[in-house]
Amino acid sequence: QVQLVESGGGLVQPGGSLRLSCTASGIIFERYAMGWYRQGTGNQRELVAGISAGSTNYADSVKGRFTISSEDAGNTVVLQMNSLKPEDTDVYYCTLKGIAGPYEYDYWGQGTQVTVSS
């Protein structure tokens with residue numbers, strides 16, 4: 001069973017930085033993507049940043065401020081968040097999408113709170 005453990009959330013002042021980390025265990029897929037979502041104000045979580053086979057993608061709202069990377073042979077994904085704004089305040093979720101043939105399997109972490117406030 002894939003498990004995702006997140007760390008690194010907290011309180012930071014506007015303009016500050018935080019580093020979120022997510023370590024996956026029990027990965028059984030040869031192909032998978034990892035990323036970070038945040039809850040947002042609607043019913044659907046919004047993608048913040050994703051990484052797969054070295055390729056990355058970002059929400060427009062975080063481009064140039066956030067950087068996603070992988071470590072530990074792809075078992076850990078890190079989101080470096082710089083120049084944080086109050087509107088970045090949210091619960092951030094790590095996700096892993098496993099790909100097996102035509103099927104995709106989604107796994108989520110428990111979420112970590114990021115609060116940007118003076």
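The model is predicted, so local features are reported where pLDDT is at least 70, side-chain atom pairs count only at pLDDT 80 or more, and totals for chains, interfaces and linings use all residues. Residues are numbered from 1 along each chain as its sequence is written, and side-chain values use heavy atoms, with hydrogens and water left out. The protein chain has eleven strands and zero helices, where strands (E, at least two residues) and helices (H or I, at least four residues) are DSSP runs numbered from the N terminus.

**Overall shape and surface**

- Taken along the principal axes, the box filled by the C-alpha atoms of the protein chain is roughly 45 × 30 × 25 Å.
- Of the 118 residues of the protein chain, 39% count as buried, a word that means under 20% relative accessible area, with exposed over 50% and partly exposed in between (1.4 Å probe, protein chains only).
- The accessible surface of the protein chain is about 6500 Å², and 46% of this belongs to carbon and sulfur atoms; such areas come from the Shrake-Rupley method with a 1.4 Å probe, and for residues only the protein chains shown count as cover.
- Among contacts (heavy atoms within 4.5 Å) between residues at least 6 apart in sequence, 57% join residues at least 24 apart.

**The four-stranded sheet**

- Four strands form an open sheet in the order β1-β3-β8-β7, with antiparallel pairing, where two strands pair if DSSP finds at least two bridges between them.
- Strands β1 (3–7) and β7 (66–71) stand at the edges, and because each has a single partner strand, one side of each is left without a neighbour in the sheet.
- Within this sheet, β3 (residues 18–25) and β8 (residues 76–81) pair in the antiparallel sense over six bridges, and R19 stands opposite Q80 in β8.

**The disulfide**

- A disulfide is a covalent bond between the sulfur atoms of two cysteines, and the cut-off used for the pair of sulfur atoms is within 2.5 Å.
- The structure holds one disulfide, formed by C22 and C94 with their sulfur atoms 2.1 Å apart.
- This pair links distant parts of the chain, since C22 lies in strand β3 and C94 in strand β9 (residues 90–100), 72 residues apart.
- The link of C22 and C94 is left-handed, with -80 degrees about the S-S bond, and both C22 and C94 are buried.
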